[in-house]
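Please read them with the model open.

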Amino acid sequence: MAARAGAAAFWVFAGAMHFVIPRQYEAIVPPSLARWKKELVVASGVAEMAGGLAIVSDATRRGARWWLLATLVAVYPANIHMALHPERFPKIPPALLWARLPVQGIFGLLTWHGTRP
């Protein structure tokens, strides 16, 4: 139950941050998608919050698992873009940009454990 509550809270908070500090999220959208950066930030924020809320109910938890794991995969190119282009993110040490890549796996594990029946 604690893993479920933690995963739900994590995802709702993470999604809400897209609306609190949208420019930070827009800044990491890869150039090939920059034309839709505002829309992508809103869509990913909504996806994360919806998935977090769906974790709470037994009826939607399994779907939330796959929804959120797919969301992690969908946003992963932004993390790769950051690691490959550290000059575009001068306030973040390059080592931290690379460290973000495996951290996404930790978020996946949190999601997996938090959505178990």
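1. Buried means under 20% relative accessible area, and exposed means over 50%. Keep in mind that this is a predicted model.

2. Start with R61, which is found in helix α4, residues 61–84. Its relative accessibility is 3%, so R61 counts as buried. A polar atom of the R61 side chain lies 3.1 Å from the backbone oxygen of V56.

3. What does R61 touch, leaving out residues up to four places away in sequence? The list is R4, A54, I55, V56, G114, T115 and R116.

4. R62 also has its place in helix α4. Its relative accessible area is 66%, so R62 is exposed. The C-alpha atoms of R62 and R116 are separated by 7.5 Å, although the two residues are 54 apart along the chain.

5. Now the helix pair. Helix α1 covers residues 2–20 and helix α5 covers residues 94–114. Their axes come within 8 Å and cross at roughly 130°. That angle is why α1 counts as oblique to α5. The crossing of α1 past α5 is left-handed.

6. Which residues make this contact? From α1 come A3, R4, A7, F10 and W11. From α5 come F107, L110, T111, H113 and G114. By class, the contact of α1 with α5 has six nonpolar residues, three polar and one charged.

7. Two residues link these points. R4 and G114 belong to the contact of α1 with α5. R4 and G114 are also among the residues that R61 touches.

Terms used:
Residues numbered from 1 in each chain as written. Predicted model: local features only at pLDDT ≥ 70, side-chain atom pairs only at ≥ 80, totals over all residues. Heavy atoms only, no water. Axes fitted to C-alpha atoms, helices over the stretch in contact; angles between N-to-C directions. Helix = DSSP H or I, 4+ residues; strand = E, 2+ residues; numbered from the N terminus. Parallel < 35°, antiparallel > 145°, perpendicular 65-115°, else oblique. Left-handed = near helix turned anticlockwise from the far one by under 90°. Contact = heavy atoms within 4.5 Å. Nonpolar A, V, L, I, M, F, W, Y, C, P; charged D, E, K, R; others polar. Buried < 20%, exposed > 50% of the residue type's maximum accessible area, 1.4 Å probe, protein only. Polar contact = N/O pair within 3.5 Å; in protein donor to acceptor, adjacent residues only side chain to side chain.
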